[in-house]
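Subject: Structure handover

Hi,

Here is the structure I promised to pass on. Please have a look when you have a moment; my notes follow below.

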Amino acid sequence: MSGAWRIVAPRTGGPEVLEREDIALPVPGPGEARVRHEAVGVNFIDTYHRGGLYPLPLPTGLGTEAAGIVEAVGEGADPAWVGRRVAYVAQAPGTYATHGLAPVARLFPLPDAVSAETAAALLLKGLTAWMLVERCARVQPGQSVLVHAAAGGVGSVLVPWLKAAGATVIAHAGSAAKAARARDSGADHALHLPFDQLAGEVRALTGGRGVDAVLDGVGADSWAASLASVAKRGILVTYGNASGPVPAISPLDLLRVGSIFLIRPTLFDYIETADDRRAGGERLFGLIAGGTIRADIGQRFALAAAADAHRALEARTTTGSTILIP
């Protein structure tokens, strides 16, 4: 027995479909590294893969980020990588495992200031925040931004990142306690109110103008409020479907609410090149080292209890980041 194993979804469905499966110790191919995982990140997209919203060939592994130690490298890879602390974003789901393979070119070396748990909690979420703030919305000092799910995994990174960018942050959260967490992380205004009242409050806080940008990872439930909250010629970035996919829209809808821009990005298009990966990683790790971004790890689950992590995530009972420990 290799001692290696993973969590697998043999079929789509609820958290109960997840199973533990023994696997052979992965052998790195040319240019690859085998990483022994010390911590694994949990993201809402994992529930989309498990449930079938984003269909994958079955059975499928889950998870798209992990951190740990390089144990071996394949042909053509620099052996100096062996023993190094790294994190990576997987090109295909499968990091809910004791070990994983990744191209050496896509590894993020971890500086001393960043632990494996911090990297697993923040790499994907932090790169997503970098993409949203600096590459999609291109937030400038003095602008105003509405952040949905502001105490969640990505939201809890977005709030301090936006403050570091000089923005006025209006945070919206699903409970009073979560709104308080968003306020503690730097939000100028932290709201907890029904979506049908949100745009009115946002307009009141901005003198009737609306916000320059909305960063929306909620999806269906928040869609109407997001559209109604954007200032003329502002931008709405929809990057998640926590409450389900957004409804079909017409370009005329964007005209009617003020000639706004709409983007639906995926991170992998923004870290496709080595230069982009380097830029995003250096920016994220610099903000972590400087104390701007902190690993708000609200939940730790054993890897074998991945189903419980999914239940908590979908029940909206989590705060900050969730990680699995092999």
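Phe44, Tyr48 and Tyr54 are joined into a cluster by ring pairs (rings of Phe, Tyr and Trp, the last by its six-membered ring, pair if their centres lie within 6.5 Å; planes under 30 degrees apart are stacked, over 60 edge-to-face, the rest tilted). This is a predicted model, where local features need pLDDT of at least 70 and side-chain atom pairs count only at pLDDT 80 or more, while totals for chains, interfaces and linings use all residues. Residues are numbered from 1 along each chain as its sequence is written, and side-chain values use heavy atoms, with hydrogens and water left out.

Back to the rings: the structure has two aromatic pairs. Phe44 and Tyr48 make a tilted one, 5.7 Å centre to centre with 55° between the planes. These two residues are four apart in helix 1 (residues 44-51), so about one helical turn separates them (helices are DSSP runs of H or I, at least four residues, numbered from the N terminus). Tyr48 also pairs with Tyr54: the centres are 5.1 Å apart and the planes at 70°, so this pair is edge-to-face. Tyr48 is buried at 8% relative accessibility, whereas Phe44 is partly exposed at 23% and Tyr54 is partly exposed at 28% (buried is under 20% relative accessible area, exposed over 50%, partly exposed in between, with a 1.4 Å probe and protein chains only).

Arg20 lies over the face of Trp5, 3.8 Å from the ring centre, and the charged end of Arg84 is over the ring of Trp81, 4.5 Å from its centre.

Now for the domains. The chain splits into domain 1 (5-123 + 270-324) and domain 2 (137-264), with bounds from an automatic or database domain assignment. Their C-alpha centres lie 27 Å apart. In contact (heavy atoms within 4.5 Å) are 18 residues of domain 1 and 18 residues of domain 2. The two domains bury about 1,300 Å² between them, 56% of it on carbon and sulfur atoms; buried area is the accessible area (1.4 Å probe) lost on putting two parts together, summed over both. On the domain 1 side, Ile293, Arg316 and Thr319 lose the most area to domain 2, together 30% of what that side buries. One salt bridge is counted between the domains (a side-chain nitrogen of Lys or Arg within 4 Å of a carboxyl oxygen of Asp or Glu).

Best wishes

Conventions: Lys NZ or Arg CZ within 6 Å of the ring centre and 35° of its normal.
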